[in-house]
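Please look through the sequence and the fold before reading on. The notes below go with them.

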Amino acid sequence: MEQPEAPRQPTPENYTMMQAFEWYVPPDQQHWNRLYEAVAGLKATGIDNLWIPPGCKGSNQQGNGYDIYDLYDLGEFDQKGGFSTKWGTKEDLVQLIRRANDVGVGVYWDAVLNQKAGADRTEQCRVIEVDPNDRTKAITDPYSIDGWLGFDFPGRREKYSTMTYHWYHFSGTDYNNANGKTAIYRILGDGKDWSKFVGKEKGNYDYLMFADLDYTHPEVEADVKAWSEWLYSQVPIKGIRFDAIKHYSEEFLQSLVVHMDAKIGPGWFLVGEFWEDSLDAMTTYIRNMQHKFSLFDAPLVYNFSSISNTENADLTKVFDGTLVSAEPVNAVTLVMNHDTQPYQALAADIQPFFKPLAYSLILLRAEGYPCVFYGDVYGIEGDHPYPPSCHGKVPDLCLARKFYAYGEQHNYFDFPQCIGWTRLGTWDRPFGLACVMSNAGPNGKWMYVGQEHEGELWTDVLGWEEGQVTINHDGWGHFTCAGVSVAVWVNQSAEGRDQFGKL
């Protein structure tokens with residue numbers, strides 16, 4: 001007697017993350033409210049998780065939160081210029097996360113654990129100055145400085161935590177208040193040194209900015225681990241983006257992840273900002289974190305920048321040396337973020353014509369977890385404003401991922417200035433897609449989409465390429481795109497086609 005076939009498992013919906021801020025969002029304390037109003041529409045477009053900006057109190061209300069002052073103040077206490085952070089009050093934040101969870105969107109916290117800024121007072125400590133280009137080399141004898149290293153958090157009055165910070169909780173600083181000198185000072189004390197579990201740039205890359213936390217001090221380690229539990233009790237987040245992880249102890253971060261799993265529960269999404277163009281360093285970090293950690297694919301961003309600024313560049317090499325090619329499950333793919341946007345420290349110039357190609361490459365392929373950028377969806381503000389990129393089509397590309405980017409992938413990376421691929425669909429998400437792009441003149445490719453699509457009429461969901469493609473009896477079609485452009489072809493009768501162009 002034949003055994004009945006096991007029931008087929010449903011195909012899970014593709015996940016897409018959005019970085020829900022850009023560097024020049026106005027400091028009006030209304031950003032949590034902006035996101036509250038936007039989150040339902042973002043979910044409908046295919047955004048499943050929001051990476052929100054640092055929600056802890058910074059050194060002032062204009063700072064983006066990387067100038068972190070108090071981990072335990074989420075916009076609740078009258079400190080550093082007021083109650084709110086740049087983004088809003090704690091009440092606004094709680095309402096945003098509640099709303100996001102109600103509509104099925106998870107929230108990822110931006111944890112800034114490398115440094116503290118905006119100290120309440122100075123403290124004297126012994127230091128040596130080190131060579132800025134090789135922090136392992138002392139360039140002075142030991143002497144005393146007056147450093148901004150005393151953190152009392154008087155506005156909080158010990159609510160949530162009684163921990164205060166003093167000079168011995170830090171490994172370095174950059175300013176001597178006694179004489180106004182800026183330098184990189186390594187703080188001296190019994191057993192104190194730069195962490196050995198950090199990046200090797202500049203000899204040792206423990207020191208980044210402000211007052212640099214020393215995770216070999218047990219009080220620092222205990223306070224930050226306690227904070228992770230407290231944070232989850234205040235805001236039901238689903239993951240954490242860890243800032244500047246190559247600048248503080250990898251050993252500590254491993255122990256923090258173990259602590260969070262044990263005390264709060266497993267299942268977190270964890271991603272680190274390990275901004276490197278060295279693929280070996282990135283894959284080693286992922287292995288050391290036992291593949292519980294993802295990293296942003298910095299080499300991919302640099303490839304996008306290089307290709308977009310090189311005439312007749314070879315598109316077939318776009319994934320060479322990238323994290324997504326080596327560790328597709330642990331790679332967060334992106335086109336731009338707050339550090340690489342124009343006029344920022346790591347600005348990576350990607351020509352406007354290439355943005356739609358880049359977003360298609362991260363959103364419509366099988367590999368990687370894509371992260372779209374707030375500034376590309378809503379535009380960039382500030383002294384050098386930019387409109388939304390891709391002629392406003394990023395939401396449509398997210399929708400194409402949500403509805404059609406499923407199933408077996410066939411690649412056509414066979415011509416330097418024109419590449420394409422198809423997704424064949426699955427039993428319960430059957431529509432599939434065909435994507436073709438050119439960084440030169442108009443072009444096209446014969447590509448296979450499956451014999452089950454014979455006779456279907458396919459059109460470009462972006463509306464940039466006119467006409468129809470009829471799928472032949474062998475399951476092939478000839479798909480075209482305009483010059484320096486991209487087209488995403490889908491059955492014109494496919495479910496969801498009526499939703500495009502509405503965000």
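The paragraphs that follow take up the barrel, one serine and the aromatic rings.

This is a predicted model, in which local features need pLDDT of at least 70, side-chain atom pairs count only at pLDDT 80 or more, and totals for chains, interfaces and linings use all residues. Residues are numbered from 1 along each chain as its sequence is written, and side-chain values use heavy atoms, with hydrogens and water left out.

Eight strands make a closed barrel with parallel pairing, in the order β1-β2-β5-β13-β14-β15-β16-β17. Strands here are DSSP runs (E, at least two residues), as helices are (H or I, at least four residues), both numbered from the N terminus; two strands pair if DSSP finds at least two bridges between them. From one strand to the next the twist averages 25°, an angle taken from 0 to 180 degrees between the N-to-C directions of axes, which are lines fitted to C-alpha atoms. Strand β1 (residues 17-19) and strand β17 (residues 369-373) run parallel and are joined by three bridges. In this pairing, Gln19 stands opposite Phe373 in β17.

Helix α6 (residues 298-308) contains Ser305. With 13% relative accessibility, Ser305 counts as buried, a word that means under 20% relative accessible area, against over 50% for exposed and in between for partly exposed (1.4 Å probe, protein chains only). Apart from its neighbours within four places in sequence, Ser305 is in contact (heavy atoms within 4.5 Å) with Ala348, Asp349 and Ile350. A polar atom of the Ser305 side chain lies 2.7 Å from the backbone oxygen of Asp349.

The structure holds 37 aromatic pairs. Rings of Phe, Tyr and Trp (its six-membered ring) pair if their centres lie within 6.5 Å; planes under 30 degrees apart count as stacked, over 60 as edge-to-face and the rest as tilted. Phe151 and Phe153 form a tilted pair, 6.2 Å centre to centre with 35° between the planes. Phe151 is buried at 0% relative accessibility, and Phe153 is buried at 3%. Tyr448 and Trp476 are also tilted, at 5.7 Å and 55°. This pair links distant parts of the chain, 28 residues apart: Tyr448 is in strand β21 (residues 443-448) and Trp476 in strand β24 (residues 476-481). Trp476 is partly exposed, at 32% relative accessible area. Elsewhere, ring pairs link Phe21, Trp32, Trp51, Trp87 and Phe296 into a cluster.

Lysines also meet rings. Lys116 lies over the face of Tyr165, 4.8 Å from the ring centre, and the charged end of Lys402 sits over the ring of Phe403, 5.8 Å from its centre. A charge sits over a ring if NZ of Lys or CZ of Arg is within 6 Å of the ring centre and within 35 degrees of the ring normal.

Conventions. Polar contact = N/O pair within 3.5 Å; in protein donor to acceptor, adjacent residues only side chain to side chain.
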